[in-house]
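Open the model in your viewer and keep the selection panel at hand.

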Amino acid sequence: MRQPLVAGNWKMNGSLDSIRTLVDGIKAGLGEVKSAAVCVCPPYVYIPQVVEMLDGTVVAVGGQDVSDQEAGAFTGEVSGTMLKDVGCRYVIVGHSERRSIYGESDEFTARKFAAARRFGLTPILCVGELLEEREKGITDEVVARQLDAVIELEGIAALADAVIAYEPVWAIGTGKTASPEQAQEVHAFIRQKLAGLDAGVAEKVQILYGGSVKAANAAELFGMADIDGGLIGGASLSADEFLAICRAPDAV
Ligand code: PGA
């Protein structure tokens, strides 16, 4: 049985004040969350404060990105050792905004995935197709290519303790959620592809759905056989909305 995971990706949002309010709100409602593991991914600079605010709770903290390097002359970068040092457990790698806005390739993403693992973090590997790729009918091909870059560098076993987030790019921040059936189809494809290499890994790996998840559609999405929770952007900035999504697996 895979435990559901709900991870909030705050992206480049918030201030010390607003984040304190958000975290207080999340803490106040955690007692109602039964089955899901919960994680929040603040902007780098707020991570130490958020770790402190969440001390003693079940909520894990993650980074939104990580350098592929360990240390040295890499201006602007943050390493996996640093994220681990300040209390992170997870890190998002290959988010579509990194891939499309900052031009990060499949190979570069794979190196970040490797760096995350090397420093003891659990990578949340984002994969997903653009609208034109879906329209061309090449969704599976795109997702397979993104996964293969990681498998080639790190081997299939590396995915056993990782998290995959399927995020159709056309559904991110657009209010257009993939239907539960559309999402399940890709999640099943991912699990079958991994099963072809290692059935144990396929059974174990958590596959989250991301893209306009909100309280109103979370239970339906999380009810699908191969959807093990969600990576939540916009809706994770409201404590009430985020908590309702965290409770959604309890209704499944
Ligand atoms: P969204 O973002 O929930 O705002 O669509 C999801 C994500 O980018 O991880």
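**Stop 1: the ligand shell**

Select the ligand and the 13 residues around it; Lys-11, His-95, Glu-167, Gly-173 and Ser-212 come nearest. Bear in mind that this is a predicted model. Colour the shell by residue class: four are nonpolar, seven polar and two charged.

**Stop 2**

Pick His-95 next. One of its polar side-chain atoms sits 2.6 Å from a ligand oxygen atom. Move to Gly-173. Here a backbone N or O atom lies 2.6 Å from an oxygen atom of the ligand. Then go to Gly-234, where a backbone N or O atom is 2.8 Å from a ligand oxygen atom. Now show the ligand surface. How much of the ligand does the protein bury? Taken alone, the ligand exposes 280 Å², and the protein buries 95% of that.

**Stop 3: the cysteines**

Hide the ligand and select the cysteine sulfurs. How many disulfides does the structure hold? The count is zero. Zoom in on Cys-41, which is in no disulfide: its nearest cysteine sulfur, in Cys-39, is 4.0 Å away. A disulfide needs two cysteine sulfur atoms within 2.5 Å. Cys-41 is buried, at a relative accessible area of 0%.

Key. Residues are numbered from 1 along each chain as its sequence is written. This is a predicted model: local features need pLDDT of at least 70, side-chain atom pairs count only at pLDDT 80 or more; totals for chains, interfaces and linings use all residues. Side-chain values use heavy atoms; hydrogens and water are left out. Buried means under 20% relative accessible area, exposed over 50%, partly exposed in between (1.4 Å probe, protein chains only). A residue is near a molecule or strand if one of its heavy atoms lies within 4 Å of it. A polar contact is a pair of N or O atoms within 3.5 Å; within protein, one must be able to donate a hydrogen and the other to accept it, and residues adjacent in sequence count only if both atoms are side-chain atoms. Accessible areas come from the Shrake-Rupley method with a 1.4 Å probe; for residues, only the protein chains shown count as cover. Ala, Val, Leu, Ile, Met, Phe, Trp, Tyr, Cys and Pro count as nonpolar, Asp, Glu, Lys and Arg as charged, and the others, Gly among them, as polar.
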